[in-house]
Amino acid sequence: MDEFFLGDARAALRHFLNEGRRAQLCYLDPPFCTGRDFRVYRDRYPSDEDYYAMMREVLQGAYELLTRDGNLFLHIDWRAQARLRLMLEEIFGAAGFRNEIIWSYRSGGRARTHFSRKHDTILFFAKSPASYFDAMQDPLPRREARGGHLKRGVDEDGRVFRAVRAGGKLYRYYEDEGVPASDVWTDIPHLQQLDPERVGYPNQKPLRLLRRIVRCASRPGDTVLDVFAGSGTSLVAAHELGRAFLGADSAPEALAALQSRLPGAPLRLTRG
Ligand SMILES: C[S@@+](CC[C@H](N)C(=O)[O-])C[C@H]1O[C@@H](n2cnc3c(N)ncnc32)[C@H](O)[C@@H]1O
């Protein structure tokens, strides 16, 4: 059954491990070490070292909770991504690295003192070469993925394609067939202030972003783990897509947000 642990991420991981729970996919969107207070949680630590020590424990715990063929996605920004990538390479081994996904967006102000920082980084590590992944589970429309430099044509069934000749062969790309996404995501905007998806939780991520990760990196029936669940976006995506979930957050507002997004769904609740 889906489970939520109200308490610290490290205690949640110990609890799930002790219960013998395991997950095929872990998505983590931790505090980014901004030094700021958000309405329902503080992103401030006595020193950066305290933040990295906390993250090491969480990443190690998440690694242990993943099945042998599990995948982990760590959503972070320019502040901590370099050190956390090295930490993930220590834990998963350098061979576990799959992608540094750039989630590019336009929202927010513009800087003059440096180029405006307009992306988050999502680090994707796999626990084994056998870990499941299929980018075609969330394909992009071909129109969005390819420029107009290829020759347009229509076949005998009326299907529109683009064609290119390479190495003596003619390649046809049908516009109604999707293409796998690259590691630069420009097609998913940040939630706008008045977006109906918003539940009023700070730093809420768009469902579309989480649907892509859940669809491509897990199968129906798998379990998704997120111990910095916030408003529960990854857990809602998991639920919608027929995956089970193990969620946690230290803020009671996170549990309230999840319950408002999944009204009536059975949930086992543990308080840390
Ligand atoms: C960036 S937000 C997650 C947002 C979420 N992905 C969403 O879409 O709503 C980070 C979350 O981590 C939680 N958090 C911070 N430190 C924590 C800790 N040590 N243990 C558990 N949760 C923590 C905060 O309460 C906050 O909800």
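A crossing of two helices is left-handed if the near helix is turned anticlockwise from the far one by less than a right angle, and right-handed if clockwise. This is a predicted model, in which local features need pLDDT of at least 70, side-chain atom pairs count only at pLDDT 80 or more, and totals for chains, interfaces and linings use all residues. Residues are numbered from 1 along each chain as its sequence is written.

**Stop 1: helices 2 and 3**

Helices (H or I, at least four residues) and strands (E, at least two) are DSSP runs, numbered from the N terminus. Select residues 48-65, helix 2, together with residues 81-92, helix 3. Their crossing is right-handed. The two helices pack at about 35 degrees, with axes 10 Å apart; axes are lines fitted to C-alpha atoms, for helices over the stretch in contact, and angles run from 0 to 180 degrees between N-to-C directions. Now display the side chains of Y52, M55, R56, L59, Q60 and Y63 in helix 2, which meet R83, L84, M87, L88, I91 and F92 in helix 3. Contact here requires C-beta atoms, placed from the backbone, to lie within 7 Å. By class, this contact comprises nine nonpolar, one polar and two charged residues. Ala, Val, Leu, Ile, Met, Phe, Trp, Tyr, Cys and Pro count as nonpolar, Asp, Glu, Lys and Arg as charged, and the others, Gly among them, as polar.

**Stop 2**

Next, select the open sheet of nine strands, which has mixed pairing and the order 13-6-7-5-2-14-15-1-16. Two strands pair if DSSP finds at least two bridges between them. At the edges, look for strand 13 (184-185) and strand 16 (268-271), each of which pairs on one side only. Helix 3 packs on this sheet, where it touches strand 5 (66-76), strand 6 (97-104) and strand 7 (119-126); its direction makes about 5 degrees with that of strand 7. Further along, strand 1 (residues 3-6) runs parallel to strand 15 (residues 244-249), joined by four bridges. F5 stands opposite A248 in strand 15.

**Stop 3**

Move to the open sheet with strand order 9-10-11 and antiparallel pairing. Strand 9 (151-154) and strand 11 (169-174) each have a single partner strand, so one side of each is left without a neighbour in the sheet. The twist averages 40 degrees from one strand to the next.

Four bridges join strand 9 to strand 10 (residues 160-166). Along this pair, K151 stands opposite A163, and V154 has V160 as its bridge partner. Five residues separate the two strands in their hairpin, and G158 in the turn has a positive phi of about 85 degrees.

**Stop 4: helices 5 and 6**

Select helix 5 (residues 207-217) and helix 6 (residues 233-240), which pack at about 55 degrees with axes 9 Å apart. Helix 5 passes helix 6 in a right-handed crossing. L207, L210, R211 and V214 in helix 5 meet T233, S234, V236, A237 and A238 in helix 6.

**Stop 5: the ligand**

Finally, centre the view on the ligand. Which of the 21 residues around the ligand come nearest? They are A9, Y41, G230, S231 and T233; a residue is near if its C-beta atom, placed from the backbone, lies within 6 Å. The shell divides into 11 nonpolar, six polar and four charged residues.

Methods:
Two residues are in contact if their C-beta atoms, placed from the backbone, lie within 7 Å.
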